[in-house]
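Please read the following report with the sequence and the model open side by side. It takes up a few local features in turn, with the cut-offs behind each term.

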Amino acid sequence: MFPEYIVLHTAAFTGRNCDRDMIDAWHKARRWSGIGYHFVILNDKHDQKPDGAVEIGRLTNKSGAHALGLNSCSLGICCVGHGDKVDFTPAQYKSLYNLITDLMSEFSISVDNVIGHRELNTLAEKNIIPSRYKTSKSCPGTKINMHAIRDKLAQTPTLIKHERTSVDENSKIAMNNAIAILQKHRAQFPNAQDELDEFINHPEVISMTRA
Ligand SMILES: [Zn+2]
């Protein structure tokens with residue numbers, strides 16, 4: 001998949017400890033292959049993991065399952081919490097802006113193509129996608145101002161381009177697979193989870209794996 005859009009979502013869940021594993025379980029219960037989002041950004045309601053932590057869902061080279069009509073050409077980011085009830089936390093916004101600017105840079109995505117799930121309707125009105133893909137959802141939530149998010153992204157003077165590690169395609173695939181395995185089994189090494197997150201979110205690792 002070559003992504004042209006970034007679609008923002010809310011988990012629409014007010015409970016505690018929501019993370020990529022919980023969402024993965026929800027989506028498997030729908031008989032999907034697994035989590036439909038490419039990234040999950042945690043909030044301040046997790047007992048073990050920090051506010052703003054970015055977790056990897058589906059790998060970016062695979063089509064997501066998050067925005068019917070746009071899945072084959074978009075990356076899905078889900079912010080934990082309920083965007084109809086409460087705004088994202090400052091830490092979530094910080095991670096969100098960092099993640100989106102990275103992805104915009106990596107995949108040459110313009111700020112206009114950073115949209116909220118509900119804005120599929122705008123795309124349908126512009127005949128970019130068929131009108132049957134209009135959604136009744138308010139996702140990422142009525143508290144979330146997509147125009148303000150795009151304005152802030154547009155103000156980012158130059159997208160930070162990290163030093164690229166020169167790696168071949170097989171190494172990238174192996175790294176992505178290794179991270180997926182570590183994420184899957186993270187509960188088994190409780191004392192190393194902070195280091196794992198730090199490793200996964202290191203710019204060098206991000207530049208190597210998000211391709
Ligand atoms: Zn959504």
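His27 lies in helix α1, residues 20–29, where helices are DSSP runs of H or I with at least four residues and strands are runs of E with at least two, numbered from the N terminus. Because its relative accessibility is 3%, His27 counts as buried; buried means under 20% relative accessible area, exposed over 50%, and partly exposed in between, with a 1.4 Å probe and protein chains only. Beyond its neighbours within four places in sequence, His27 is in contact with Trp32, Gly34, Ile35, Gly36 and Tyr37, contact meaning heavy atoms within 4.5 Å.

## Basis of the model

The model is predicted, so local features need pLDDT of at least 70 and side-chain atom pairs count only at pLDDT 80 or more, whereas totals for chains, interfaces and linings use all residues. Residues are numbered from 1 along each chain as its sequence is written, and side-chain values use heavy atoms, with hydrogens and water left out.

## The zinc site

The zinc ion has as protein donors His9 (ND1), His117 (ND1) and Cys139 (SG), which lie 2.1 to 2.3 Å from it; donors are N, O and S atoms within 2.8 Å of the metal (3.2 Å for Na, K and Ca), and sites may look incomplete because water is not among the atoms. Along the sequence, the spacing of these donor residues is H-x107-H-x21-C. Since His9 lies in strand β1 (residues 5–10) and Cys139 in the loop between α3 (120–125) and α4, the pair ties together parts that are 130 residues apart in sequence.

Both His9 and Cys139 are buried. The peptide bond that leads from Cys139 to Pro140 is cis, with omega near 10°, and Pro140 is placed in the loop between α3 and α4.

## Two loop residues with positive phi

Asn17, in the loop between β1 and α1, has a positive phi of about 60° although it is not a glycine, and with a relative accessible area of 24% Asn17 is partly exposed. Ser108, in the loop between α2 and β5 (114–116), is likewise a residue other than glycine with a positive phi, near 50°; Ser108 is exposed, with a relative accessible area of 67%.
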